[in-house]
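Here is a short briefing on how two protein chains meet. Look at the interface first, then at the details listed by topic.

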Amino acid sequence: MIWNIIFPIAYLTLFSLALSKVVTTSDVDLDTVRIVMPSYEANEDFREFLDGVDGQEISVDKLSETNDVFLEYVLVDSAEKAEELVSDKKVHAFVEFEPELQFTGTGEPSVYPSIVKQLLDSYKGMKKSEESIQNAVMDGTISNPENLMALEKGFDPPKLDLSKRYESVSPDKIYFFVSFAYLAFFPLAAGAQVVENTEANQNVYTMRKRLGPASKLKVFFSSLVPLLVFQLLLISLIYVYSKFLGVDYGEHHLGNLSLGWLGTIASMFTGAALATYTPKNKNFRQALMIGVPLLIAFLGGMMVQNIYTMMQEKFPIINKISPIGMISDGLYILNAEGYSARFFQKLSALSIYLLIFVVLTLVGLRRKKYESI
Amino acid sequence: MYIAIFLAIFLGNLKSVTGETKSLYYVEPTIAIIDEDKSQLSTNLKSYLESRYKTQEVEADEDKIKDKVFAKSIHYVIRMHEGFEESIKTDDQKYKGYSGSEASVNRLIEYDVQQYLTYYNLYEISLGGEIPEEKMDWVQGEIQNISSQEVDGKVLGSDENATNKLTTMYYFLSFLIYILIAIGFASVGVTIVLMERRSVKIRDLVSGYPAWMRSKSIFFSSLIWMSLIWLLMIIVGLTATGFEILQNSRALLMIVSSFVHVISITLIIILLANMIQSDRVMALASTLFSLIVAFSSGIFVPRELMIKELVLFSKIFPAHWDINNLQLLAFDTTLGQAEYRSFFVNLAIMLLMGVAAGILNLILNRSRERSE
């Protein structure tokens with residue numbers, strides 16, 4: 001029993017500590033992009049371009065300082081010095097102009113090479129556009145060069161209205177949604193224990209109890225109810241504790257808790273059904289009760305976020321039918337839409353899952369004949 | 001059963017990392033474009049973006065769009081409503097974007113869209129305020145040409161192909177740490193707990209079988225079992241990188257570090273099994289311990305994104321030092337004396353942890369024998 005309390009609390013504490021920066025940072029706070037160039041190659045035109053995109057030149061000794069600019073560039077005397085700065089990770093890229101514009105970085109996974117590439121691509125594009133307009137004037141495609149005077153007076157291209165962007169619920173929250181779902185679905189063993197306390201052929205103490213006049217269903221429910229109440233209180237405590245740790249499931253607490261409660265009840269009846277149909281093989285049952293929720297949680301994205309993306313693209317049915325998938329999807333929908341029709345669909349799906357395992361458990365318990373007691 | 005489940009998890013993880021490693025890690029977002037305007041600008045913008053990004057079809061349904069973005073199947077959806085072209089220079093643009101929360105990815109895509117709008121406007125002005133129909137193809141071609149200007153990037157001092165494979169190897173060897181700990185607790189740990197039960201142990205000892213020989217057999221059989229699991233997973237992982245990676249000295253060193261970790265963690269599991277003495281708790285500990293190590297050591301989440309105290313805490317696990325070595329060998333561009341020193345120091349720390357666990361185990365066994 002004590003383990004049922006320790007495990008979720010310990011797991012959640014560590015999980016939240018490990019991922020707190022992932023969710024709160026969400027790469028909004030990008031570090032300044034830093035590049036190095038050989039001073040004998042960097043032309044005035046390129047430096048003006050960099051200055052125009054909120055860049056500034058700094059010296060090598062200022063590289064360790066933090067500044068609130070998009071880009072900083074350093075000029076050095078030699079390629080070797082530049083490579084050393086890249087190797088020491090003091091800059092994100094070494095930009096060269098000869099024989100052609102190119103850049104070098106480390107192989108470490110990072111978003112900065114993409115940013116540097118886009119910057120250099122747009123510089124190269126800008127030079128190309130100047131060439132294109134010049135050629136168009138010379139070959140007559142632009143027949144009225146006076147139009148270009150309008151550009152010199154002032155060029156005000158349309159700007160995309162970024163306020164019209166809807167930003168989704170952070171995909172990083174999938175870690176927390178799935179981990180809560182995993183913890184809600186954790187007490188399979190509690191459900192199995194209820195059946196062990198009911199079936200005479202699973203436990204010597206139960207064998208003695210079953211000699212008494214109480215009906216099997218009465219014994220089953222009298223064993224189930226206290227454990228169920230305990231587990232429901234525990235998942236509620238886990239929810240409150242995770243909020244205390246700073247996990248943000250949104251403001252629909254009752255909805256979130258309903259998913260947790262339903263998931264816990266479903267878990268107990270899943271464990272009970274498993275125990276009913278595997279009376280002899282306790283080790284196999286234990287392996288299933290530990291391994292299967294872990295596998296389902298893994299497929300839901302608890303450990304590696306890309307797995308969730310992969311499953312949604314290739315096998316979306318798995319997260320749709322798995323109870324952990326249903327709970328985490330429900331949490332996401334509540335976060336994104338509130339008490340929408342889709343949320344109630346998820347609750348209904350989870351209820352159907354629960355109903356199936358209740359029926360399986362009760363059918364399995366009924367009219368069982370033992371070879372001997 | 002455990003091995004089958006964890007092999008499935010391992011294969012799933014391998015599949016997810018194999019497609020992604022590149023010589024320089026470029027973000028390659030997937031986008032979707034919904035053009036309800038069907039104007040000259042929207043059609044050309046759509047065709048331009050389709051030539052630059054991986055695109056996916058998506059229904060013009062808000063819920064479905066949001067689900068895809070949340071699942072990261074699509075990083076950005078651009079929806080151009082009817083009247084987009086007329087409204088682009090007004091305050092009420094008939095446009096909506098749907099994005100994830102990765103600012104860097106959003107910035108890349110929005111910058112590109114803005115670039116297109118800028119060049120389109122540039123040609124509009126150059127051609128007298130409006131692009132004639134007969135010159136539309138030329139303008140589109142010029143914008144495509146301008147935007148297709150690409151600058152090459154490369155990795156410092158390394159062979160591109162080898163760097164890809166080393167990165168894949170890093171991912172699967174780091175994930176292997178988690179797998180081995182979980183399987184180790186569930187198989188080796190539980191078995192030792194059962195064997196150390198008084199009713200079982202006393203039968204062995206009463207036969208005259210020396211206690212030290214028994215302990216030695218338990219240790220070696222545990223190590224052989226863990227090594228076999230490790231070897232199986234390594235072979236599976238090498239199918240992703242190709243076996244020719246073994247010709248690369250960095251890859252071999254990564255495997256050496258991984259094996260030293262196996263030795264260390266086996267000794268620690270044996271110690272914990274002797275301390276815990278409950279098979280049920282041991283089975284549950286496999287889940288908890290493996291997840292604690294995996295999250296705190298930087299296997300599931302990069303260390304740069306974790307709080308410093310947690311990284312400090314993870315130093316008590318051999319996994320932390322193994323990850324240090326794997327990162328050093330996979331990502332450091334130069335391997336000089338200093339790097340080799342770090343490598344051997346990390347190996348030594350892992351071995352010391354294992355030896356310390358072994359000694360503590362001997363002391364524990366001895367004190368138990370004396371009390372009996």
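Two strands count as paired if DSSP finds at least two bridges between them. The model shown is predicted. By that rule, strand β6 (residues 165–167) of chain A pairs with strand β4 (residues 95–99) of chain B.

**Strand pairing across the chains**
- The two strands run in the parallel sense, and 3 bridges link β6 of chain A to β4 of chain B.
- Within this pairing, A:E167 stands opposite B:S99 in β4(B).

**Extent of the interface**
- Chain B puts 100 residues into the contact, and chain A puts in 104 residues.
- About 9500 Å² is buried between chain B and chain A.
- Carbon and sulfur atoms give 65% of that buried area.

**Polar and charged links**
- The count of salt bridges between chain B and chain A is 4.
- One of them joins B:E150 to A:K117. Their closest N and O atoms are 2.7 Å apart.

**The chain B side**
- Helix α5 (residues 103–126) of chain B gives the most to the side that touches chain A, with 19 residues.
- That side of chain B divides into 51 nonpolar, 27 polar and 22 charged residues.

**A covered helix in chain A**
- Helix α6 (residues 174–184) of chain A is mostly covered, with 11 of its 11 residues buried.
- Its buried residues include the aromatics A:Y175, A:F176, A:F177, A:F180 and A:Y182.
- Also among them are A:I174, A:V178 and A:L183.

How values were computed: Residues are numbered from 1 along each chain as its sequence is written. Chains are lettered from A and ligands numbered from 1 in the order in which they are written. This is a predicted model: local features need pLDDT of at least 70, side-chain atom pairs count only at pLDDT 80 or more; totals for chains, interfaces and linings use all residues. Side-chain values use heavy atoms; hydrogens and water are left out. Contact means heavy atoms within 4.5 Å. Buried area is the accessible area (1.4 Å probe) that two parts lose on being put together, summed over both. A salt bridge is a side-chain nitrogen of Lys or Arg within 4 Å of a carboxyl oxygen of Asp or Glu. Helices (H or I, at least four residues) and strands (E, at least two) are DSSP runs, numbered from the N terminus. Ala, Val, Leu, Ile, Met, Phe, Trp, Tyr, Cys and Pro count as nonpolar, Asp, Glu, Lys and Arg as charged, and the others, Gly among them, as polar. Buried means under 20% relative accessible area, exposed over 50%, partly exposed in between (1.4 Å probe, protein chains only).
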